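Student: Please take a close look at one part of this model with me. I would like to follow its side chains step by step.

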Amino acid sequence: SIRAGEKTAVEFYHAHVDEVKKHVPKEQLLVFEVKQGWKPLCEFLDIPEPDCPFPRVNDTEAMKSVGTTFYRVSMSIVILIPLLLLMLAYFDHVTFQNVFLGYGLF
């Protein structure tokens, strides 16, 4: 359904949720969205809410940070490493010429 497009995927998701709601008793089912935080989850499980904030690893800031890190790493692989290799080859060649060719050894 994902390949059919976003609308079809959303319809599939809602149909799945409705199907689950039909078969699972209300007292045993929590329809939970992470944006709700700890409260509904802890109430459903009958446990106290933790003192720490609810983890939000997929929020906008976290995703931007991951994107920035990925960009920097990929740029270093694509640009910096080949550039360093070219510089090493150039300076190795210059050193070879100065040491051996400059003194008539070859």
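Tutor: Start with Cys 42, which is buried at a relative accessible area of 3%. Buried means under 20%, exposed over 50%, and partly exposed in between, using a 1.4 Å probe and protein chains only. The model is predicted, so local features need pLDDT of at least 70, side-chain atom pairs count only at pLDDT 80 or more, and totals for chains, interfaces and linings use all residues. Residues are numbered from 1 along each chain as its sequence is written, and side-chain values use heavy atoms, without hydrogens and water.

Cys 52 is partly exposed, at 44%. Its sulfur lies 9.3 Å from that of Cys 42, the closest cysteine sulfur, too far for a bond. A disulfide needs two cysteine sulfur atoms within 2.5 Å. The count is zero.

Now the rings. There are two aromatic pairs. Rings of Phe, Tyr and Trp (its six-membered ring) pair if their centres lie within 6.5 Å; planes under 30 degrees apart are stacked, over 60 edge-to-face, the rest tilted. Phe 32 and Phe 54 have centres 6.2 Å apart and planes at 65°, so they are edge-to-face. Phe 32 sits in the loop between helix H1 (6–23) and helix H2 (38–45), Phe 54 in the loop between H2 and helix H3 (60–101), so the pair ties together parts 22 residues apart in sequence. Helices (H or I, at least four residues) are DSSP runs, numbered from the N terminus.

Phe 32 is partly exposed, at 26%. Phe 54 is buried, at 16%. Trp 38 and Phe 54 have centres 4.8 Å apart and planes at 75°, so this pair is edge-to-face. Phe 32, Trp 38 and Phe 54 form one aromatic cluster.

Terms used:
Helices (H or I, at least four residues) and strands (E, at least two) are DSSP runs, numbered from the N terminus.
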